[in-house]
Amino acid sequence: QVQLVESGGGLVQAGGSLTLSCTASGSIFRPNIMGWYRQAPGKQRELVATMSDTRGGSSNYADSVKGRFTISRDDVDNSVYLQMNSLKPEDTAVYYCALIILRTRENYWGEGTRVTVSS
């Protein structure tokens, strides 16, 4: 059983920064991808950023966050982080941590952490 626990959400003014953290526990097989998705009110869940556990950690970002958000991971602690800078009101959403096991395509999700950016 895999569990993902997120932290770090909150309320911030536009232009501010937040860092989200997520730690996975349980049977975590490699290779895998860890990352962040978000869902704004009335919208579908969308990819924010992901990072693989291969050497060098290949990352992928949504165009809307490129240059503002940075994803990183620590495979010793099975953790993934999202540094969010220059936040905009349109970044307001519930952010979900995700873990995808590449060989089996199993995916696991955290319960989400809310980020609210005020204008």
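Arg 38 stands opposite Tyr 95 in E9. The strand labels here are DSSP runs, with helices (H or I) needing at least four residues and strands (E) at least two, numbered from the N terminus. This is a predicted model, in which local features need pLDDT of at least 70, side-chain atom pairs count only at pLDDT 80 or more, and totals for chains, interfaces and linings use all residues. Residues are numbered from 1 along each chain as its sequence is written, and side-chain values use heavy atoms, without hydrogens and water.

E9 covers residues 93-101. E4 covers residues 32-39. The two strands pair in the antiparallel sense over eight bridges. Pairing requires that DSSP finds at least two bridges between two strands.

E9 is also joined to strand E11 (residues 113-118) by three bridges, again antiparallel. There, Val 94 stands opposite Arg 114 in E11.

## The E9–E10 hairpin

Three bridges link E9 to strand E10 (residues 107-109), and the two run antiparallel. Ala 98 stands opposite Trp 109 in E10. E9 and E10 form a hairpin. Five residues lie between them. In the turn, Arg 105 has a positive phi of about 65°.

## Burial of E9

How many of the nine residues of E9 are buried? Nine of the nine are, so E9 is largely enclosed by the rest of the structure. Buried means under 20% relative accessible area, exposed means over 50%, and partly exposed lies in between (1.4 Å probe, protein chains only).

Most residues other than glycine have a negative phi, and most peptide bonds are trans.

The bond from Arg 30 to Pro 31 is cis, with omega near 0°. Pro 31 sits in the loop between strand E3 (18-25) and strand E4 (32-39).

Asn 78 is not a glycine, yet its phi is positive, near 55°. Asn 78 belongs to the loop between strand E7 (69-74) and strand E8 (79-84). The residue is partly exposed, at a relative accessible area of 22%.

Ser 86 is another non-glycine residue with a positive phi, about 50°. Its place is the loop between E8 and E9. Ser 86 is partly exposed, with a relative accessible area of 41%.
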